[in-house]
Amino acid sequence: MKTLTKIMAVSALSLGLAAPALAQDDPTQVGFIYVGSIGDLGWTYEHDRARLAVEEHFGDAVETSYVENVPEGADAERVLTQMALSGADLIFTTSFGYMDPTNAVAERFPNVRFEHATGYRRDHPNVSTYSARFYEGRAVMGHIAGHMTESNIVGYIASFPIPEVIRGINSAFIHAREVNPDVEFRIVWAYTWFDPAVEADAAQALIDQGADVIMQHTDSTAPMTVLAEAGAFGFGQASDMYQFAPAPRISAIIDDWAPYYIARTQAVMDGTWESTDTWDGIGPGMVGIGEMTDAIPEEVRASAQALQAAIAAGDYHPFTGPLNRQDGSAWLAEGEVADDGTLLGMNFYVEGITGDVPN
Amino acid sequence: MMGIDPITLIVALITVSTPVLLAAIGELVVEKTGVLNLGVEGMMITGAVMGFVVAVNTGSPTLGFLAGMASGMALSLIFGVLTQLLLSNQVATGLALTLFGLGLSALLGVGYPGSTPPVVSDPFPAAMAEIPVIGPILFGHSLVIYLSVLLVAAVWYVLGYTKMGLIIRAVGENHDAAHALGYKVIRIRLMAIMFGGACAGLGGAFLSIVRVQNWVDGMTAGAGWIALALVVFASWKPWRALLGAYLFGGVTALQLRLQAAGIDIPVEILAMSPYVITIVVLVIMSSDKSRTALNAPAALGKVFHATG
């Protein structure tokens with residue numbers, strides 16, 4: 001309801017500012033659509049923090065608006081159309097499932113710029129895509145998980161079987177195995193990005209099966225509460241989740257979209273905006289690693305930080321051969337590094353992971 | 001590869017099922033008086049946020065549960081006044097109540113995600129919960145879970161074996177006849193609606209305070225709708241509602257455990273199985289017209305306007 005008021009306020013505002021004399025000084029309108037609520041303390045929360053950073057950076061020169069809890073599909077198209085009609089200059093669509101609606105609406109509004117997160121379709125010159133190399137962060141988390149598990153069972157709460165998620169599982173597994181040859185991954189597909197009850201149940205199911213370190217690729221903090229009760233360890237996902245430190249949260253993968261959002265807004269204001277595809281990792285700061293707490297032994301913290309530094313500097317790629325596919329067939333030869341194309345379409349597990357990728 | 005421990009499975013399924021069971025048993029009584037309140041989801045989520053906020057601020061889970069019940073009841077009273085006194089359409093009002101509850105809860109819960117609620121102590125001593133097999137299943141739960149089962153028994157007894165139950169059923173079957181006999185149809189329905197609201201609110205509070213121990217926007221994620229389906233699934237019979245809720249919770253808990261155990265079965269089928277079962281049951285129930293007609297309250301969803 002508050003978002004509706006917001007849209008109405010924005011459209012009223014843009015109508016008011018349509019007076020010709022003011023046209024030059026129009027604040028740049030930046031819209032955001034979110035798949036979850038800004039209170040999820042995870043994925044959407046971080047996008048909204050970046051939105052607030054844009055507001056702070058530009059002050060009166062920019063006005064932002066957002067709509068939260070937008071379902072992926074026809075509803076998204078409706079919300080996007082409304083945003084474009086109410087005068088947005090730049091719209092960030094912050095979930096993979098907005099890919100088709102974003103491109104469809106972009107075709108109808110060639111003067112509005114669209115930025116689609118985690119997608120790969122740029123059908124029109126006014127669509128850009130951007131994502132973060134979360135797998136770099138997963139490598140560091142996997143390294144820590146491999147060291148921390150005593151049962152040698154690491155639980156993994158996965159969302160949907162898309163390349164983004166599979167890449168994360170593979171990256172975490174490779175680096176857990178590297179430091180602990182006995183480690184096993186148990187993967188539960190929750191088929192949701194955000195459902196605290198299901199996520200908590202999944203965490204409980206994994207703990208009941210013997211997992212003592214759990215990684216999550218879902219957005220709520222619900223698994224943390226379960227981990228705290230069971231005395232197991234976990235990692236903040238998308239956001240720092242620092243309220244659960246020093247344990248169960250022993251580190252975190254943090255999405256930091258603010259620099260990108262500010263740069264793209266600046267580009268629109270300068271008239272230099274172009275359709276681009278951005279995929280940044282730890283190095284440029286789009287993927288942050290949350291503080292490693294004292295629950296992690298000092299030497300593990302040191303080696304994890306060394307891994308983080310090597311990835312950031314570009315000295316090490318988390319997918320470096322020799323690596324085999326799950327079925328044992330060769331994927332990367334000794335020293336070979338995975339190309340982005342394969343990573344973006346990754347639909348297979350690496351050798352050592354049990355179970356099948358659901359179709 | 002490890003098998004699945006049936007004890008932890010049963011413990012999990014009871015916890016998973018309880019919020020839905022509470023909401024369903026409340027709605028069952030409401031529907032028995034002939035009122036269809038589709039606002040269960042809205043009342044649950046309001047109960048979840050109010051229960052959580054009060055529990056965090058007072059440090060008392062009991063006060064949290066009471067606040068959850070009170071807020072669910074307050075919301076249901078809006079529905080009651082609109083549909084019973086102002087004779088609005090029950091379906092539309094119920095849907096509006098759900099939307100209202102979702103919006104209101106998001107507003108009330110600002111600043112609370114990530115807060116930690118007080119720990120709920122179990123009514124039985126920890127030693128009893130350590131008895132092999134029956135200990136964790138029977139004695140390891142929080143009080144609300146025992147209450148939910150007692151509530152089912154109470155509703156079963158009251159509806160089937162007391163004068164009050166007879167009056168409730170009479171109002172739900174034929175409100176004109178009940179009115180002619182001198183029963184206060186509107187008053188009885190309002191009380192049932194408030195009972196339903198309190199149950200839904202308690203279910204929501206259980207979800208936020210016990211099961212998830214956190215508040216997040218939209219956290220009921222459709223549990224209220226499942227509760228509504230359960231009432232039909234149970235053909236308005238309290239023990240069947242319990243069975244249905246545990247069956248539903250059981251499938252949910254089982255599919256996650258099968259995955260965690262690495263047992264090779266198509267997970268997408270498992271993940272959707274609770275919903276498919278609900279749909280199948282609803283289809284079977286509705287295809288048999290005579291049976292449904294026998295069980296559904298005859299005046300369900302009809303507007304009552306006392307004439308003469």
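In chain A, 6 strands form an open, parallel sheet in the order E2-E1-E3-E4-E5-E11. Strands and helices are DSSP runs numbered from the N terminus (strands, E, at least two residues; helices, H or I, at least four), and two strands pair if DSSP finds at least two bridges between them. The edge strands, each pairing on one side only, are E2 (62-67) and E11 (277-280) of chain A. From one strand to the next the twist averages 15°; axes are lines fitted to C-alpha atoms, for helices over the stretch in contact, and angles run from 0 to 180 degrees between N-to-C directions.

This is a predicted model, in which local features need pLDDT of at least 70 and side-chain atom pairs count only at pLDDT 80 or more, while totals for chains, interfaces and linings use all residues. Residues are numbered from 1 along each chain as its sequence is written, and chains are lettered from A and ligands numbered from 1 in the order in which they are written.

Within the sheet, strand E3 (residues 90-93) and strand E4 (residues 113-117) of chain A pair in the parallel sense over 4 bridges. A:Leu90 has A:Arg113 in E4(A) as its bridge partner. Helix H4 (residues 99-108) of chain A packs on the sheet, touching E3, E4 and strand E5 (127-132) of chain A; contact requires C-beta atoms, placed from the backbone, to lie within 7 Å. The direction of H4(A) makes about 170° with that of E4(A).

Turning to the two chains, the contact takes 32 residues from chain A and 34 residues from chain B. On the side of chain A that touches chain B, H7(A) gives the most, with 9 residues.
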